[in-house]
Amino acid sequence: MEKSSGVTNTEESGLLLKDTELRLGLPGSESPEMEDHDQNVLSLKSFVSGAKRGFSDALDGGGKWVFSGGSGGGSEGLFSPRRGGNNNGGNDLSGPDSGLGGPVLKDGVAPKPLVVQEKKSQVAAGNGNTAPASKAQVVGWPPIRSFRKNTMASHPPKNDNDDDNAEAKFGSGCLYVKVSMDGAPYLRKVDLKIYGGYKELSSALEKMFSCFTIGQCGSHGVSSRDVLSESRLIDLLHGSEYVLTYEDKDGDWMLVGDVPWEMFTNCCKRLRIMKSTEAIGLAPRAMEKCKTRT
Amino acid sequence: MGSYSSELKRSKDSDESARRSSFPDEVLERVLSLLKSHRDRSSVSLVCKDWYNAERWSRTHVFIGNCYSVSPEIVARRFPRIRSVTLKGKPRFSDFNLVPENWGADIHAWLVVFAAKYPFLEELRLKRMAISDESLEFLAISFPNFKALSLLSCDGFSTNGLAAIATHCKNLTELDIQENGIDDKGGSWLSCFPESFTSLEVLNFANLTSDINFDALEKLVGRCKSMRVLKLNRSVSLEQLQRLLVSAPQLAELGTGSFSQELTIHEYEDLESTLSNCKNMHTLSGLWDAKGIYLPALYPACSHLTFLNLSYAALQSVELAKLLAHCPRLKRLWVLDTVEDKGLEAVGLNCPLLEELRVFPADPFDDEIVHGVTEAGFVAVSFGCPRLHYVLYFCRQMTNAAVATIVQNCPDFTHFRLCIMNPGQPDYLTNEPMDEAFGAVVKTCTKLQRLSVSGLLTDLTFEYIGRYAKNLETLSVAFAGRSDWGMQCVLGGCPKLRKLEIRDCPFGNAALLSGLEKYESMRSLWMSACNVTMNGCRLLAREMPRLNVEVMKEDGSDDSQADKVYVYRSIAGPRRDAPPSVLTL
């Protein structure tokens with residue numbers, strides 16, 4: 001799998017659709033990024049603590065901490081503060097209890113190290129397209145008052161999505177799952193509940209990720225978009241050497257389209273547009289699983 | 001005023017000295033008592049000694065923007081007839097946990113002086129102060145005429161303190177508790193209002209998390225016929241809301257509780273009809289966990305809404321669009337970025353009178369989230385809402401071109417607070433710094449009073465600010481600038497600057513010291529995680545004795561670095577209540 005964090009903003013700009021909100025997630029293998037992170041965290045640390053030369057070095061030197069593409073794929077994650085997630089259960093939060101080393105949580109608590117490295121609790125097995133394993137956290141940034149932070153943390157808005165559980169809070173009417181595509185530098189999230197079936201999902205995903213398939217599918221003569229079949233996305237992506245797969249509750253990767261839509265939305269945790277070369281061997285398992293379920 | 005003018009003429013004729021004030025004191029005081037603005041009053045007090053005295057005797061409300069700039073004794077000595085006090089304490093960055101615990105700003109010393117000098121005190125409004133339960137009880141007992149208590153972003157107290165207020169303040173009209181670090185021990189404090197108590201007009205406890213005693217609340221609302229502002233907390237259900245509204249249709253401002261209970265058709269219809277009876281409602285907030293399907297119940301109540309606060313309701317774009325279609329008079333709107341750009345397009349289409357927009361991030365700390373708003377949403381609002389003058393906008397991407405368009409559409413910005421959440425992020429299309437964006441803001445928006453900058457910024461941004469932002473009073477800077485020159489431009493250029501707060505910027509001693517002359521005309525300066533040293537701060541303190549220079553040290557940091565610096569003018573001298581982590585130089 002290629003590491004694509006080298007995509008710069010200027011390269012992206014031609015591909016970005018104006019009305020789609022795209023974020024840089026960090027795809028690909030962990031170890032090189034881990035090293036980057038460590039280095040970047042060091043420069044961040046000295047930068048944030050105001051050391052005289054650390055800042056200008058970080059700024060003029062590698063430029064690693066800024067969002068400037070190049071090797072910046074890793075650096076963007078640095079400044080994105082991570083909240084404690086599961087740790088922010090209540091209002092009365094204290095630094096030592098959070099396991100984060102202190103910042104951000106209780107009103108008025110003296111911050112401990114300004115930069116805290118936090119390991120993301122899970123990385124889905126075998127899936128390289130999730131966020132990197134560690135992120136740094138900046139105290140008091142973005143500038144949001146504690147009351148709002150604590151309120152949103154203990155009662156997340158309905159489009160929040162844990163890695164563990166892609167199912168929506170009961171009654172909130174949303175079912176967000178992450179969609180990643182091999183080779184793409186960003187993730188997206190889709191709400192499965194707003195689609196009536198596979199064909200709607202496939203056309204939505206096609207719109208979101210078409211910038212990456214346009215180059216590939218032209219030669220296969222897929223030009224007419226009037227007729228949609230249930231597995232159109234799969235056809236399209238097959239033609240362009242990608243398949244759509246999903247991770248189910250058991251952590252297995254299955255081909256999309258094999259099971260009834262309702263069952264799919266109930267058990268889909270994550271979607272991945274995978275290169276078809278990697279998808280060989282999925283289909284039979286999916287069918288077997290389907291049989292054991294029904 | 002006819003009889004006054006002939007009186008004036010007589011006293012003018014009898015005047016021997018041309019410089020003596022020609023008004024008798026009583027007349028002057030009468031005239032000055034009509035002045036409400038504290039800035040006007042400050043100007044008046046500088047005219048001459050007679051005017052200074054007339055002003056101080058006629059003043060009934062005092063506003064103190066920094067509680068350490070003056071002492072309670074000095075205030076009491078100058079103003080003998082105060083009935084209302086507004087006090088602000090900690091630096092604003094304490095809201096974001098950048099100020100150490102026990103920093104100060106405790107109200108108690110003030111209350112003790114007020115109890116002696118202003119026994120008829122009626123109103124106390126505090127922002128970012130520390131207040132204990134003992135202080136609240138002391139307040140409740142010491143001032144028999146006490147009417148209004150407002151606590152915003154304060155900490156140090158619990159619901160026990162509120163119970164003391166409810167128990168003792170027989171004439172209370174306002175209890176407004178907002179966004180505080182409050183120790184919520186339960187809702188029984190509401191039952192402390194006596195049966196005979198009927199004067200409450202404003203009740204805001206949206207901040208509290210625990211269940212309240214609903215029975216007590218219902219009775220309280222039922223007997224307080226003048227109630228016009230009621231803001232409930234999340235524990236109040238839809239059904240309970242409906243019951244409350246039945247006895248308070250006169251409400252002008254409503255903050256609902258949780259908006260997501262399962263309702264029967266009958267209950268829904270009751271709610272809808274009760275809400276439609278609220279003909280006076282101009283402000284609506286709360287709507288915690290709002291379920292889209294129940295929002296239509298609000299529609300009839302929205303026709304006169306001028307302020308809609310949806311910042312705790314994670315609405316989607318379609319839900320917002322449908323709601324806004326019923327709010328044509330909206331002037332102020334606060335939303336979460338779950339509404340996305342499409343939701344903001346709906347704002348532009350439905351709210352031509354909009355003056356203020358705040359967009360808060362639903363998931364500020366999760367950068368995997370790809371939702372939220374972009375520059376497109378902001379641009380869409382600017383096309384539809386030419387009267388927009390106050391914006392707070394949290395986003396994950398922005399371009400220079402978009403901001404230029406926005407200010408071209410809305411040149412009347414007074415408050416422009418843009419937070420691109422990833423620090424140091426450039427224009428995502430051109431990869432350039434965001435200098436031109438803020439340049440456009442300060443060049444076009446001549447009335448700009450408050451500016452918060454973000455994104456990748458060089459010193460050029462600050463050159464622009466210093467050169468063009470002639471009305472700027474408050475500037476917030478984070479992760480920006482290249483050298484001392486940036487800060488020097490601001491200090492050298494903005495004549496009306498009062499508050500400057502800076503974090504994580506490469507500004508050092510040269511920049512700090514370039515403002516030597518300026519800091520006495522400002523309320524305060526905050527610099528944290530910059531390149532300022534202890535020696536620089538000591539020099540500043542030595543040169544400017546009427547400034548308090550305080551340094552907050554962090555554990556384990558270099559001894560010579562001044563991690564956090566807070567500089568403010570004061571006529572009360574250095575403070576004596578600083579905790580050990582705060583060094584006064």
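I begin with the contact between two helices. Asp459(B), Phe462(B), Glu463(B), Ile465(B) and Gly466(B) of helix 17 of chain B meet Trp485(B), Gly486(B), Cys489(B), Val490(B) and Gly493(B) of helix 18 of chain B, contact meaning heavy atoms within 4.5 Å. Helices (H or I, at least four residues) and strands (E, at least two) are DSSP runs, numbered from the N terminus. The residues of this contact comprise 5 nonpolar, 3 polar and 2 charged; Ala, Val, Leu, Ile, Met, Phe, Trp, Tyr, Cys and Pro count as nonpolar, Asp, Glu, Lys and Arg as charged, and the others, Gly among them, as polar.

A word on conventions. This is a predicted model, in which local features need pLDDT of at least 70 and side-chain atom pairs count only at pLDDT 80 or more, while totals for chains, interfaces and linings use all residues. Residues are numbered from 1 along each chain as its sequence is written, chains are lettered from A and ligands numbered from 1 in the order in which they are written, and side-chain values use heavy atoms, with hydrogens and water left out.

How do the two helices cross? The axes of helix 17 (residues 459–468) and helix 18 (residues 484–493) of chain B come within 8 Å, at a crossing angle of roughly 5 degrees. The axes are lines fitted to C-alpha atoms over the stretch in contact, and angles run from 0 to 180 degrees between N-to-C directions. Helix 17 and helix 18 of chain B are therefore roughly parallel to each other, a class that covers angles under 35 degrees.

Helix 17 of chain B also holds Glu463(B) and Arg467(B), 4 residues apart, about one turn of the helix. Their side chains meet in a salt bridge at 3.8 Å, N to O; the term requires a side-chain nitrogen of Lys or Arg within 4 Å of a carboxyl oxygen of Asp or Glu. Glu463(B) is partly exposed at 25% relative accessible area (buried is under 20%, exposed over 50%, partly exposed in between, with a 1.4 Å probe and protein chains only).

Next, Asp289(B) forms a salt bridge with Arg234(B), with the closest N and O atoms 2.7 Å apart. Asp289(B) lies in the loop between strand 11 (283–285) and strand 12 (307–309) of chain B, and Arg234(B) in the loop between strand 9 (229–231) and helix 10 of chain B, so the pair ties together parts 55 residues apart in sequence. Arg234(B) counts as buried, at 17% relative accessibility, whereas Asp289(B), at 31%, counts as partly exposed.

Finally, the whole structure contains 28 salt bridges over all chains.

How values were computed. Parallel < 35°, antiparallel > 145°, perpendicular 65-115°, else oblique.
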